[in-house]
Amino acid sequence: MSETSQRGDWTKPAAMAIPKGGFFEDRVEQGRYGPIFPKTPACYGFSVVAKVKPGREQAIRDYGKNIEEAVRGDPDVLAPLRLHYLRWVLFDVGSGPHFMYQGIFDTDFDKYLEDAIALFVKTGITTVFVNLEGWPEDWKTNVSAVIKFFRDHQCPSFLEYGEYPFVSADEIKKALKLKAAFSTMLDQMQ
């Protein structure tokens, strides 16, 4: 039985209110690096907010272009992360620029971060997080320090919604491929 069918009907939108702190006290799942943030109708994800190192705002913007070019050159470059969406925001709260990273993905928190480190080490693409205060200098070899950074800077959501709840990116891609195949078949029948 797929996880989607275990979680309920994907055809009915779902919302989940999440307690302060980001965990349900009665069902905290322990991962390799501490508690795992729960899977919600939007799948797994996190929002990290951290202060930008002085003078590094443009480097962060430039890094966005680097990711755009990497994906253009190899559309599957970020595939190991099993992403649905990423959203990056720079904003100033009066004490200088801050960076917000919001990601929705199909793996749990620990696996996502391990895969991200492995991806960046493998591709030679550095991470945007090197431009943030508190980011560990030894991030390529110190997974525990990276996990600590993300846990320290995580801003848990208190509500998550899914129009097609608990559906993985792979399931969405398969459905779209099937739709395209049916469209092609119907076009050929005319």
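Reader: Which elements each supply at least two residues of the lining of the second largest pocket?

Author: They are E5 and helix H5 (169–189). Helices (H or I, at least four residues) and strands (E, at least two) are DSSP runs, numbered from the N terminus. The model is predicted: local features need pLDDT of at least 70, side-chain atom pairs count only at pLDDT 80 or more, and totals for chains, interfaces and linings use all residues. Residues are numbered from 1 along each chain as its sequence is written, and side-chain values use heavy atoms, with hydrogens and water left out.

Reader: What makes E4 and strand E6 (residues 97–105) a pair?

Author: Two strands pair if DSSP finds at least two bridges between them. E4 and E6 have 8 bridges in the antiparallel sense, so they meet the definition. Lys51 stands opposite His98 in E6. The order of the open sheet of 3 strands is E4-E6-E5.

Reader: Why are strand E4 (44–51) and strand E5 (83–92) called edge strands?

Author: Each of E4 and E5 pairs on one side only.

Reader: How do you know that helix H3 (residues 109–123) packs on the sheet?

Author: Contact means heavy atoms within 4.5 Å, and H3 touches E4, E5 and E6.

Reader: What makes 17 residues of the lining of the largest pocket nonpolar?

Author: Ala, Val, Leu, Ile, Met, Phe, Trp, Tyr, Cys and Pro count as nonpolar, Asp, Glu, Lys and Arg as charged, and the others, Gly among them, as polar. By this rule the lining also holds 10 polar and 3 charged residues. In the second largest pocket, the lining has 8 nonpolar, no polar and 5 charged residues.

Technical notes
Axes are lines fitted to C-alpha atoms, for helices over the stretch in contact, and angles run from 0 to 180 degrees between N-to-C directions.
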